[in-house]
Amino acid sequence: MGFLLTQTLNGLSFGALLFLLSSGLSLIFGVMKIVNVAHGSYYMLGAYIGLSVITRTHNFLLGLIVGSLIIAVIGLAMERIFLRKFPLQDLPQMMLTMGFALVFRDLALLIWGGDPYNLPSPAFLIGSIDLHGVVFPIYRLFVILIAVIVAILLWMFNEKTLVGAKLRAAVDDYEMAGGVGVNVPLVSGLMFAMGAFLAAFGGVMGGPIFGVYPGVDFEFLPLAFVVTIVGGMGSLKGAAVGSLLVGLIDNFGKALVPELSYFTLFAPMAIVLAIKPTGLFGRG
Amino acid sequence: MKDILFGAKGKLVGWLLVFLILAVLPPLTTSYWVTLITQMLIFGILAMSLDLLLGYSGMPSFGHAGFFGVAAYVVAILSTRYHAGFWPCLLTAIVLTIIISAVYGLLVAHSKGVYFLMITLALGMVLWGLAFRWVTMTKGDNGISGILRPDIGLPISLKDPITFYYVTLVVFIVCLVLMALFVRSPFGHSMKGIRESESRMRILGYDTWLHRYLTYVVAGAFGGISGIFWAYYNGFVSPHDLELGASFELFLMVILGGPGTLVGPALGAGIIVFLKNFISAYTERWLLILGVIYILTILYAPQGLVNLVLDLVKRGEKKGEVEEAS
């Protein structure tokens, strides 16, 4: 029972992080049809920048904000300067992001070196709570809470605001949205920056749990891809459900059959693909 | 003049010339170059096999290094643990690669474009995950070392680098010819048709799913062949051989050389392998340079070097025609 509860909570907190990472990926894909291979790099760079800020200022919140904002600007620049040159050509765009992923990876190695680091968690969240004999770190619960808040904010932004409505219009029909006066390039740029922001945000939030090290970018990227494939591309709801599924399955897989841990992700993906090739909540 | 250079006969003569040069090269150069060109040939096979998917069929596979890795691991495990000879290793590796690509094919053959890309990436990472985490079988991150170059049974032993070079060259030529026949066959032509317009081909009565599926399996098998030789060449396999970065590098070989030309990707593989070895001698920033080459290729030569040259030639021809007419 204790094992089950601990692993479920672990899975949920991992799923919460995956949601931060993959919601941006999914939305960027939804609007711009870009498969952003550099998305894992945003996560990694966000965590590294957060680390540098936190070790200097001892302020977790500051690290979180600075890390996420810098990456949002980098994402925006990437979109404006490079990706914009190949509108709606998925292969060249994807390959550009692939080049950037390699550049980012090497730059991170150059700046922060090859040692793994752990981000310190904020002081008031250090420690654990005792749930009927199950000891669980407070910070992980905090991550779940934050992800739920972000999910609600994103949902409200998407459903209740004008920009969100324009965004949905752009997801549904890129050309029609442009035709009726939505500034699609602006919406896309905003979208890309927001996706980068969320990924870096996830990086800083995940830092105290998983740490940051060279290679974390390419380790999380496939997970985010699996989430997006399972949930359906361009769907927030899909990203949320997919993240929970993948987070739980990955965690139980690692706990029960550690040697085959990546393999356990493969099964749900295969099943979903066989039944619904566009993912659980994806549209054609 | 141009007919001689670029016509069918010219091409054949050109090929023979290239292989003649490659055949007489070893005694003329140092052993450094012999091993480097061997490596180029191995990755040439791999890049050509990805070209079957990326260039000829419009299936951008991101997990292709996985098949290469599976075959390399099979050779590594069988030869170090069970001291299996060359032929059992070769056969098992090819059969296992085909089985895995046949299973993977079932999952990916129906998907297109970006979906195909993401699914193959995730599937490739599953193989990486096995290599990395299945420690009892693969020794995890440490990799498997001590793979000895075998006797092939004939009076040939691969222990001598020059013999290894010649065997690789022969395998490269055989693979090139087989793949060239594959893309020029009726099957290959309908595959190109499916790349251009799947709906049209389906209406014409082609089983497009089956075409995509078989091409995927064939490409996986050729990828496996290059993996076998890589394991023997390198004497060491590790999860790095099939990580995402390896698939990226492979992708760049095809794009840089020119997708849909077979020769281009082989050339691209040669360039990337050369640069990697050359640059690594001076700096550790290989990934950075690889990334920059990537970005520059997409910005300035998105069709690849071979197609760039072919375009220039065509343009030159047209110009010549105009001048003749006037």
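# Briefing on a predicted two-chain model

In chain A, 77% of the contacts with a separation of 6 or more are accounted for by residues 24 or more positions apart. Chain A contributes 46 residues and chain B 41 residues to the contacts between the two chains, and 34 aromatic pairs are found over all chains.

**Chain A**

- Eleven helices and two strands make up the elements of chain A, and their order from the N terminus is α-α-α-α-β-β-α-α-α-α-α-α-α.
- The radius of gyration of chain A is 18 Å, close to the 19 Å that the globule rule gives for 284 residues, so chain A is as compact as a globular protein of that length.
- Along the principal axes, the C-alpha trace of chain A spans about 60 × 45 × 35 Å, and 56% of its 284 residues are buried.
- About 11400 Å² of chain A is accessible surface, and 72% of that surface belongs to carbon and sulfur atoms.

**Chain B**

- Chain B has 15 helices and two strands, and its radius of gyration of 20 Å is close to the 20 Å that the globule rule gives for 326 residues, so it is as compact as a globular protein of that length.
- Taken along the principal axes, the box filled by the C-alpha atoms of chain B is roughly 75 × 50 × 40 Å, while buried residues make up 55% of the 326 residues in this chain.
- Of the contacts in chain B between residues at least 6 apart in sequence, 76% join residues that are at least 24 apart.
- Chain B exposes about 14600 Å², with carbon and sulfur atoms supplying 70% of this area.

**The interface between the chains**

- The area buried between chain B and chain A is about 3900 Å², and carbon and sulfur atoms give 81% of it.
- On the side of chain B, the residues B:Tyr115, B:Met118 and B:Arg133 supply 19% of the area that this chain buries against chain A, which is more than any other three residues supply.
- A:Met233, placed in the loop between α9 (216-231) and α10 (236-256) of chain A, is in contact with B:Tyr115 and B:Met118, and its other contacts beyond four places in sequence include A:Ser26, A:Phe29 and A:Gly282.
- With a relative accessibility of 8%, A:Met233 counts as buried, and although A:Met233 and A:Phe29 are 204 residues apart in sequence, their C-alpha atoms are 6.6 Å apart in space.

**Aromatic pairs and charges over rings**

- The ring centres of B:Phe116 and B:Tyr216 are 6.2 Å apart and the ring planes stand at 85 degrees, over the 60 degrees required, so this pair is edge-to-face.
- B:Phe116 belongs to helix α6 (residues 113-133) of chain B and B:Tyr216 to helix α11 (residues 208-234) of chain B, so the pair ties together parts that are 100 residues apart in sequence; both B:Phe116 and B:Tyr216 are buried.
- B:Tyr165 and B:Tyr166 form another edge-to-face pair, at 5.4 Å centre to centre and with 75 degrees between the planes, in which B:Tyr165 is buried at a relative accessible area of 1%, whereas B:Tyr166 counts as partly exposed at 31% relative accessibility.
- In chain B, a cluster linked by ring pairs consists of B:Phe43, B:Phe68, B:Phe86, B:Trp87, B:Phe164, B:Phe229, B:Trp230, B:Tyr232 and B:Tyr233.
- In chain A, A:Arg140 lies over the face of A:Phe210 at 6.0 Å from the ring centre, and A:Lys254 lies over the face of A:Phe14 at 5.5 Å from the ring centre.

**Residues with positive phi**

- A:His58 is not a glycine, yet it has a positive phi of about 55 degrees; A:His58 is found in the loop between α2 (39-57) and α3 (60-82) of chain A and counts as exposed, at 71% relative accessibility.
- B:Leu262 likewise has a positive phi, of about 60 degrees, without being a glycine, and although B:Leu262 also lies in a loop, between α12 (244-257) and α13 (263-280) of chain B, it is buried, with a relative accessible area of 2%.

Key:
Residues are numbered from 1 along each chain as its sequence is written. Chains are lettered from A and ligands numbered from 1 in the order in which they are written. This is a predicted model: local features need pLDDT of at least 70, side-chain atom pairs count only at pLDDT 80 or more; totals for chains, interfaces and linings use all residues. Side-chain values use heavy atoms; hydrogens and water are left out. Rings of Phe, Tyr and Trp (its six-membered ring) pair if their centres lie within 6.5 Å; planes under 30 degrees apart count as stacked, over 60 as edge-to-face and the rest as tilted. Helices (H or I, at least four residues) and strands (E, at least two) are DSSP runs, numbered from the N terminus. Buried means under 20% relative accessible area, exposed over 50%, partly exposed in between (1.4 Å probe, protein chains only). A charge sits over a ring if NZ of Lys or CZ of Arg is within 6 Å of the ring centre and within 35 degrees of the ring normal. The radius of gyration is taken over C-alpha atoms; the globule rule is 2.2 Å times the number of residues to the power 0.38. Contact means heavy atoms within 4.5 Å. Accessible areas come from the Shrake-Rupley method with a 1.4 Å probe; for residues, only the protein chains shown count as cover. Buried area is the accessible area (1.4 Å probe) that two parts lose on being put together, summed over both.
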